[in-house]
Amino acid sequence: MDLRDPTLPGRIHRAFDELRETDPVHGIGDGRWLLTRYDDVVEILKDRERCTTDIHAVRGYDRTRPFGAGSDLERVQEGLLINLSGQDHRRVRGAFTRPFTRASVEAQVTGLVERLVDDLLPNLPEGGGEVDFVEAVSRWLPAQVFQRLFAMPEDDLERLVDLLHQDTVAIDVLLSPELVDATQLAEAQAAFLQLRSELDALARARQGGDGGDLLTFLTEQHDAGRLTWDDVLTQAMEALAAGTSTTMTLLTGMVEAFAEHPEQWARLRADETLIGPAVEEALRYVSPALSMGRVAAVDFELHGTQIRAGDVIQCGVLPANRDPRVFDEPHAFDITRSRRPRPDGAKGAPGQAGAAHVAFGGGVHTCLGAHVARLEARVVLERLRERYRSISIEPGVAVLHPTLLIRTYASLPVTFHAG
Ligand code: HEM
């Protein structure tokens, strides 16, 4: 699998289907592996004996220091929750969990998301017509939500969106180095540092205040001795960056899926109770985070392949979510899927006949912002459902960037039909 192949996004599911059956631990370069089976992905994401998220454990990391030895960028990368492990992970995650519980998000964020979506609705043709959904809605909403949650200055949203987009490139350099050239890395570094210094100034001004926003919350955790100042800035950046491109892809992919499956849109229009299940099915079907990395902490064997300590294992979230062992007709977009049993007869998720998707990962690193992303998708669906009888799309117009990490859309021209 050559990630630089521009035709890959168009045939990615076929490529993953083949690997899942013939080569479930697929070598993607020196000491790097891609897993495509659901059970393997779930097992490795949760495995804290054989695997770690400590990037120092990557073979050669300490020698090559890909983010720049001693640089601010390196400090930020090493402090990301996603890269922390053990006691450090528990401490930082524990200090930042409260605002992201389902109850907090429902109570504190719903009104904001509804207002922001309503403000974006004029970008969509009320009486129907064609529009680029990325440019109209999904490029802006996730960044706006976090801009407001962190009470950042509201001007210059475009610049913030660009900075956050470049940020994810810096993370890619570790996972798919062949996709990132030196210029892109330098731009990503500059974006990271720019954002960090802006957040630093804002956080210092917030300290000791009673703003009630997430940045003030983080400074309170610092002042209570639970977070270092570096943690404050790093967690703010991680929430902003992790919550933006991913949710943008979810919103876009969800609209694309409905446009391609008009019968599912008709079902949703007929039954409001399907909104929640539709969001879960969109998460499974779209899988915005294509794969998540783990580092082998010890030598071990998986399906006869020898993995060595220091190897990077990419847990393929997208192919796992399309595994036919677990999801009946996995390539079908079916918003009533949770009523279907698992084909292998194993028990489903609580309250569901079917299996739980792994779009938000699994184990202790399960996505912190899952309920915010779900909320945004739900409100967008509610509003589109009220307004439009159907959505249509020309085949093959969506443009997705190839990456092992976060899939992103450049654009999605769709036609909304009012009624
Ligand atoms: C559809 C949108 C989203 C998707 C698909 C997604 C996906 C994921 C996945 C798969 C992981 C697990 C990483 C791993 O196991 O290595 C993760 C972790 C994380 N996500 Fe999300 N995410 C989304 C939205 C958000 C939002 C809105 C936030 C904002 C706070 C966020 C913040 C994080 C953080 C901080 C982590 C690291 C958690 C930890 O390591 O303990 N994500 N996300």
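**Ligand shell.** I looked up the class make-up of the shell around the ligand in this predicted model and found 16 nonpolar, six polar and two charged residues. In total, 24 residues surround the ligand. I noted G243, T246, G361, C367 and G369 as the closest. I then checked which helices contribute: α12 (229–242), α13 and α17 each supply at least two residues of the shell.

**Helix pair α13 and α17.** I turned next to two of these helices. For α13 (residues 245–260) and α17 (residues 370–387), I recorded a packing angle of about 30° and axes 10 Å apart. Angles under 35 degrees count as roughly parallel, and α13 and α17 are therefore assigned to that class. The crossing of α13 past α17 is right-handed. On the α13 side I listed T246, T247, L250, L251 and M254 as the contact residues, and on the α17 side A373, E376, A377 and V380. Sorted by class, this contact comprises six nonpolar, two polar and one charged residues. I note that T246 occurs in this contact and is also among the closest residues to the ligand.

**Strand β2 and its partners.** I examined the pairing of β2 (residues 32–35) with β1 (residues 25–27) and found an antiparallel arrangement joined by three bridges. Within this pair, H26 lies opposite L34 of β2. The two strands form a hairpin with four residues between them. In its turn I noted G29, whose phi is positive at about 140°. I also followed β2 to β8 (residues 312–316), where the pairing is parallel and extends over four bridges. Here R32 stands opposite V312 in β8.

Terms used: Residues numbered from 1 in each chain as written. Predicted model: local features only at pLDDT ≥ 70, side-chain atom pairs only at ≥ 80, totals over all residues. Axes fitted to C-alpha atoms, helices over the stretch in contact; angles between N-to-C directions. Parallel < 35°, antiparallel > 145°, perpendicular 65-115°, else oblique. Left-handed = near helix turned anticlockwise from the far one by under 90°. Contact = placed C-beta atoms within 7 Å. Nonpolar A, V, L, I, M, F, W, Y, C, P; charged D, E, K, R; others polar. Near = placed C-beta within 6 Å. Pairing = 2+ DSSP bridges.
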